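Visitor: I have a few minutes before my next run. Walk me through this one, please.

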Amino acid sequence: MADRFDFAVIGAGIVGLATATAISRRHPQASIVVLEAEERVGFHQSGHNSGVLHSGLYYTPGSLKARLCVEGRRRMVEFCEENGIAHDVTGKLVVALDRREAARLEKLHERAIANGLSGVRWLQAGEWHDIEPHIFGLAALHVPEAGVADFPAVVRRLAEKLPGEIRTSWRVVAIRRHEGRWHIGSESGVVVADRFVACAGLQADRVAELAGATPPVRIVPFRGEYFALGGRSEQLVRHLVYPVPDPRFPFLGVHFTRRIDGTVEVGPNAVPALGRHHYRGTAPNWAEFWETLRTPGFLRLALRYAPTGVAEIVRSRSARLYGRAAARLLPALDTADLAPAGAGVRAQAVSPDGRLVDDFSLLRQENALHVLNAPSPAATASLAIGDHIASLLDDA
Ligand SMILES: Cc1cc2nc3c(=O)[nH]c(=O)nc-3n(C[C@H](O)[C@H](O)[C@H](O)COP(=O)(O)OP(=O)(O)OC[C@H]3O[C@@H](n4cnc5c(N)ncnc54)[C@H](O)[C@@H]3O)c2cc1C
């Protein structure tokens, strides 16, 4: 006999658990199950990220990303306060090194205001000495709303508080619609649910296909590798320091993060991952890499970003070159103080014409929703994303 639930959520990352929490608030009497492939919750992107509370500075005004990031950041800070989870709203600097970057920084300033970030300040060289005394540049934006949080602790707390069941080591391998209900199967059994949401991150396109949907995008995994800053250089960065992002590329360039545990990380970069779970220290999955190469749009994407991509790959192999890029912002940095640290793998949706999908994106089926693209800042925005999905599911 299959177990019956009103709602099933596939994926116990931060988005899946926030969604299950939001569903339980809207439907207090409903039965909910969260199905997770790994042995523990929050293993993939939610456990391998920079831990930055993004402010909403970068995103197109009016986009889901902009709206849900601003709202989600506020909610995440409240959640951390209420649950005793480590977080710190430290503020961050976005630094322009030359006139071209300063012009882009002005556009970013306008965007910040359009996105409702009233505290953002424009600083000329030297004016940020009391904030980040060792950072070099021509101009900077100071964004007081940004900060850091312990997202893995958020994930654990959401799981503890969820008034529903969480089944780990339960990889969904089949999804069928039968007599008006969804039958969701793994190797260890079947659950039947009236409605479901898939928040499967790096597997989002595959899970959508299992349910008979035709996702309009494919997931391309991009690895983000970190270097840890040690020695004397570690003391040179107080909080969060970013370069002005390249508008063609959603990843944010070599930046510095003093994490909630006090360590300073440089990165992450963005290089094609050799498999959807290709972390540092894990073997490449060549079959999956081959699948990426054959993804419609990937070759066009690779050609479009060839110079940036090659530079990223070369830098990823050399602490010296990585250090040189980082030293543009932090000239006193000693490359010998950089050591390879962890890595995360980003689930990036790519369209058949080779575009990186920028905004959060969802796909509807009857009584079901698939989260197809939830890249950064989805950890920051997760509580607002969960509410958004739960309200859409009521109409799905
Ligand atoms: C390197 C890096 C740095 C980042 N930095 C930041 C940051 O500083 N701030 C920020 O806000 N965001 C950041 N992000 C983005 C953020 O981490 C993600 O957007 C967020 O964690 C996405 O959560 P998720 O629940 O959608 O995905 P995940 O955490 O990947 O969860 C998906 C879950 O689905 C499960 N799953 C998949 N397939 C199946 C199946 N068939 N059956 C059952 N379960 C399945 C997986 O095991 C996984 O647990 C970063 C991401 C990366 C990779």
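Visitor: Where is glutamate 179 found?
Guide: In the loop between β10 (174-178) and β11 (181-186). Helices (H or I, at least four residues) and strands (E, at least two) are DSSP runs, numbered from the N terminus.
Visitor: What about its phi?
Guide: Phi of glutamate 179 is near 50 degrees, a positive value in a residue other than glycine.
Visitor: What kind of model is this, and how are things counted?
Guide: It is a predicted model: local features need pLDDT of at least 70, side-chain atom pairs count only at pLDDT 80 or more, and totals for chains, interfaces and linings use all residues. Residues are numbered from 1 along each chain as its sequence is written, and side-chain values use heavy atoms, with hydrogens and water left out.
Visitor: Which polar atom lies 2.5 Å from a ligand oxygen?
Guide: A polar side-chain atom of serine 46. A polar contact is a pair of N or O atoms within 3.5 Å; within protein, one must be able to donate a hydrogen and the other to accept it, and residues adjacent in sequence count only if both atoms are side-chain atoms.
Visitor: And the backbone? What sits by a ligand nitrogen?
Guide: A polar backbone atom of valine 172 is 2.9 Å from a nitrogen of the ligand. For serine 50, a polar backbone atom is 3.3 Å from a ligand nitrogen.
Visitor: How much of the ligand does the protein cover?
Guide: 97% of the 1,000 Å² of accessible area that the ligand has on its own. Areas come from the Shrake-Rupley method with a 1.4 Å probe; for residues, only the protein chains shown count as cover.
Visitor: New topic. How many cavities of 30 Å³ or more?
Guide: The count is 1. A cavity is a set of points, on a 1 Å grid over the protein atoms alone, where a 1.4 Å probe fits but cannot get out; a pocket is an open set with protein on both sides within 12 Å along at least five of seven lines; lining residues have an atom within 4 Å of a point.
Visitor: How much space lies in the largest cavity?
Guide: About 60 Å³. Points are joined across faces, edges and corners, and a volume is the space filled by probe spheres set on them. Residues lining the largest cavity include Leu64, Phe360 and His388. The largest share of that lining, 3 residues, comes from α10.
Visitor: And the second largest pocket? How much space there?
Guide: About 600 Å³. Of its 27 lining residues, Asp246, Gly253, Val254, Arg315 and Arg328 are closest to its centre. α8 gives the most to the lining, with 5 residues.
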